[in-house]
Amino acid sequence: MNGERERVLTAGVALLERAIDYTLGSLRIVTPPMLCRATPCAGWTMERLLAHVTDSLRALNEAATGTVTLGTKALDHLRTARRLNRDGNPALLVRDDATELLGTWAATLTGELVSIGDRHLTSPMVAAVGAIEIAVHGWDIATACGEPRPIPTLLADELLDLAHLFVTPADRPHRFAAPRPVPLDAPADDRLLAYLGRDPAAGRRPYPNGHST
């Protein structure tokens, strides 16, 4: 691997690590009674959101080896593990997956293409896209818990630049909702959240804690 390739891969892995560190902080807030709560992801309960994050973490773990197998049953996995876990908190399992992912990508030495279905992306691109998704879902989790946890400014600024590159109209409305308007002088985290279809103000006020509809 040449020096430039290694530098780009290292930067991508470092960005993913920062996104995971932020989301780990959100996962620590989750308690079993919160699993039925509504989240900023329309129609998703906290339990469903955690399952989606698990899917994303597993896909990123596979990506470090060069190939991603699409289609998992994370929700079934979390529910089974929850029955076996004495405190019934699947967020602990998601935290374990996130910690494992950090170790996997830290040991990644290849900058070769990653196969995702019929698409082929470079490892740094996969890490960057993963960082966007993991960080914004960390905000979703904290918001559903009713705890203000802004995405750190420097991280949000970097992710916003990447989001403009990687999140296209084809990703809406399946992966992300339509962008929301925000003032031009809004902080980076607000602009990132709005671009990814979130209401930034939701993270600064008590969030509805009823069942998702």
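Biologist: How are helix 5 and helix 6 oriented to each other?
Modeller: Keep in mind that this is a predicted model. The axes of helix 5 (residues 123–145) and helix 6 (residues 153–166) make an angle of about 110°. Angles of 65 to 115 degrees count as roughly perpendicular, so that's the label for helix 5 and helix 6.

Biologist: And how far apart are their axes?
Modeller: The axes of helix 5 and helix 6 sit 10 Å apart.

Biologist: Is that crossing left-handed or right-handed?
Modeller: Helix 5 and helix 6 cross in a left-handed way.

Biologist: Which residues meet there, between helix 5 and helix 6?
Modeller: From helix 5 you have M125, A128, V129, A131, I132 and A135. Their partners in helix 6 are L159, L162, A163 and F166.

Biologist: How many of the residues in that contact are nonpolar, polar or charged?
Modeller: The contact of helix 5 with helix 6 has 10 nonpolar residues, with no polar and no charged ones.

Biologist: OK, switching to charges. How many salt bridges does the whole structure have?
Modeller: A search of the whole structure turns up 4. One of them pairs R18 with E158, with 2.9 Å between the closest N and O atoms.

Biologist: Where in the chain do R18 and E158 sit?
Modeller: They're in distant parts of the chain: R18 is in helix 1 (residues 3–27) and E158 is in helix 6, 140 residues apart.

Biologist: What about R198, which side chain does it meet in a salt bridge?
Modeller: R198 meets D140, at 2.6 Å from N to O. That pair also links distant parts of the chain, since R198 is in the segment after helix 7 (188–195) and D140 is in helix 5, 58 residues apart.

Biologist: Buried or exposed, those two?
Modeller: Both R198 and D140 are buried.

Biologist: One more: what does D171 form a salt bridge with?
Modeller: With R175, where the closest N and O atoms are 3.2 Å apart. Salt bridges with shared partners also bring in E133, joining E133, D171 and R175 into one network.

Biologist: Why does D171 count as buried?
Modeller: Because its relative accessible area is 12%, and buried means under 20%. R175 comes in at 37%, so it counts as partly exposed.

Note on methods:
Residues numbered from 1 in each chain as written. Predicted model: local features only at pLDDT ≥ 70, side-chain atom pairs only at ≥ 80, totals over all residues. Heavy atoms only, no water. Axes fitted to C-alpha atoms, helices over the stretch in contact; angles between N-to-C directions. Helix = DSSP H or I, 4+ residues; strand = E, 2+ residues; numbered from the N terminus. Parallel < 35°, antiparallel > 145°, perpendicular 65-115°, else oblique. Left-handed = near helix turned anticlockwise from the far one by under 90°. Contact = heavy atoms within 4.5 Å. Nonpolar A, V, L, I, M, F, W, Y, C, P; charged D, E, K, R; others polar. Buried < 20%, exposed > 50% of the residue type's maximum accessible area, 1.4 Å probe, protein only.
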